[in-house]
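I opened the model and kept notes as I went. The entries follow in the order I looked things up.

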Amino acid sequence: MVHIKRLQEEGIDCIAIIGEIDASSSIELDLTIAKSVGEGFRKIVVDCTALEYISSAGLGVFMSYIEEFKDKNIAMVLFGLKEKVINTFTILGLADLLHICENKTEAKKLVNELSL
Amino acid sequence: MNYRYKIGCSLNNLKSIRDFIRTSLKGHGISDVVMNEIVLALDEMCSNLMIHSHHCNPEHQLELHIRIPQKGDLVFEIIDESNLFDITKFEEPDLGNLIHEKRKGGLGVRLVKKIMDSIEYLSKDGKNVCRLKKKIG
């Protein structure tokens, strides 16, 4: 249903989500982000190029980290969201609360700027 | 066209529910974005029902009916036997509070209300029916 991969590049933790995130699989996303934070990463980019679907359970995971990331000065940027996926964020007004970029190059640039 | 699907109340079945909805709506001139919105709203309704009314018991079943008329609204019915989980009576939490409290839930009902044009509950043959309608075009 969902595969999540992690790859570290230049001090940035890149989390790639492949497949669909729903009420049964959102826990995997949550655990992956928690692991990244636990390992001390301050710059996280989330590759959504292969994310085909996200329900409120997945949106809730991203939302639940907003405050914690502010407190700990952790920057997170999402990129590569398909139109139908970004629409889900937009319906709830979440697109304005998270950092979202077109591609990986922009995401890495923004995450570096945000963590300055 | 009418489509029907019956499935156990396990969250692991949500993927097959979504696939059923996509297959049913395919070929009816519905855009990718609108199709995803409908899939999302019904996924949220079914997962809420599974969690809150059936405690994810796979032996409990729910039915999903989809009616695609030649003209007019798309009609979706979710039918089950349980305590009613009426989302129209559910108070939507404030987005700011959700972020502040680091809560992961409470967004699904908001999505359903934004996506669907009407939501009503009725009782048929002793079963709960949640009927949702979506205008197309």
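**What follows H1(A).** I checked the residue after H1(A) and found A:Gly40, with a positive phi near 95°. I keep in mind that this is a predicted model.

**Length of H1(A).** Next I tested the helix itself. H1(A) covers residues 26-38 of chain A, 13 residues. At 1.5 Å a residue it should span 18 Å, and its end C-alpha atoms are 18 Å apart, so the two agree.

**Its buried side.** Which residues of H1(A) are buried? I list A:Ser26, A:Leu29, A:Thr32, A:Ile33 and A:Ser36. Looking down the helix axis, I see these buried residues fall within an arc of 125°, so they line one face of H1(A). Then I asked what covers the buried residues of H1(A). The cover includes strands S1 (2-9), S2 (12-21) and S3 (43-47) of chain A, along with helix H2 (56-64) of chain A.

**Chain A as a whole.** I counted 5 helices and 6 strands in chain A. Along the sequence, they run β-β-α-β-β-α-α-β-α-β-α. The radius of gyration of chain A is 13 Å, close to the 13 Å from the globule rule for 116 residues, so chain A is as compact as a globular protein of that length. I noted the spans of its C-alpha trace along the principal axes as about 30 × 25 × 25 Å. Buried residues are 45% of the 116 in chain A. Of the contacts in chain A with a separation of 6 or more, 70% join residues 24 or more positions apart.

**Core.** I turned to the largest nonpolar core, which has 67 residues. Which of them touch the most other members? They are A:Val45, B:Ala41, B:Leu42 and B:Cys46. H2(B) gives the most to this core, 9 residues.

**Where the chains meet.** I found 27 residues of chain B in contact with 24 residues of chain A. On the chain B side, the elements giving two or more residues are H1 (14-25), H2 (32-53), H3 (95-100) and H4 (108-115) of chain B. H2(B) supplies the largest share of that side, 8 residues. I sorted the chain B side by type: 10 nonpolar, 6 polar and 11 charged.

Definitions and conventions. Residues are numbered from 1 along each chain as its sequence is written. Chains are lettered from A and ligands numbered from 1 in the order in which they are written. This is a predicted model: local features need pLDDT of at least 70, side-chain atom pairs count only at pLDDT 80 or more; totals for chains, interfaces and linings use all residues. Two residues are in contact if their C-beta atoms, placed from the backbone, lie within 7 Å. Helices (H or I, at least four residues) and strands (E, at least two) are DSSP runs, numbered from the N terminus. Ala, Val, Leu, Ile, Met, Phe, Trp, Tyr, Cys and Pro count as nonpolar, Asp, Glu, Lys and Arg as charged, and the others, Gly among them, as polar. The expected span of a helix is 1.5 Å times one less than its number of residues. A residue is buried if 20 or more other C-beta atoms lie within 10 Å of its own, exposed if 12 or fewer, and partly exposed in between; C-beta atoms are placed from the backbone. The arc is that of the directions from the helix axis to the C-beta atoms. A nonpolar core is a set of buried Ala, Val, Leu, Ile, Met, Phe, Trp, Tyr and Cys residues joined through C-beta atoms within 7 Å. The radius of gyration is taken over C-alpha atoms; the globule rule is 2.2 Å times the number of residues to the power 0.38.
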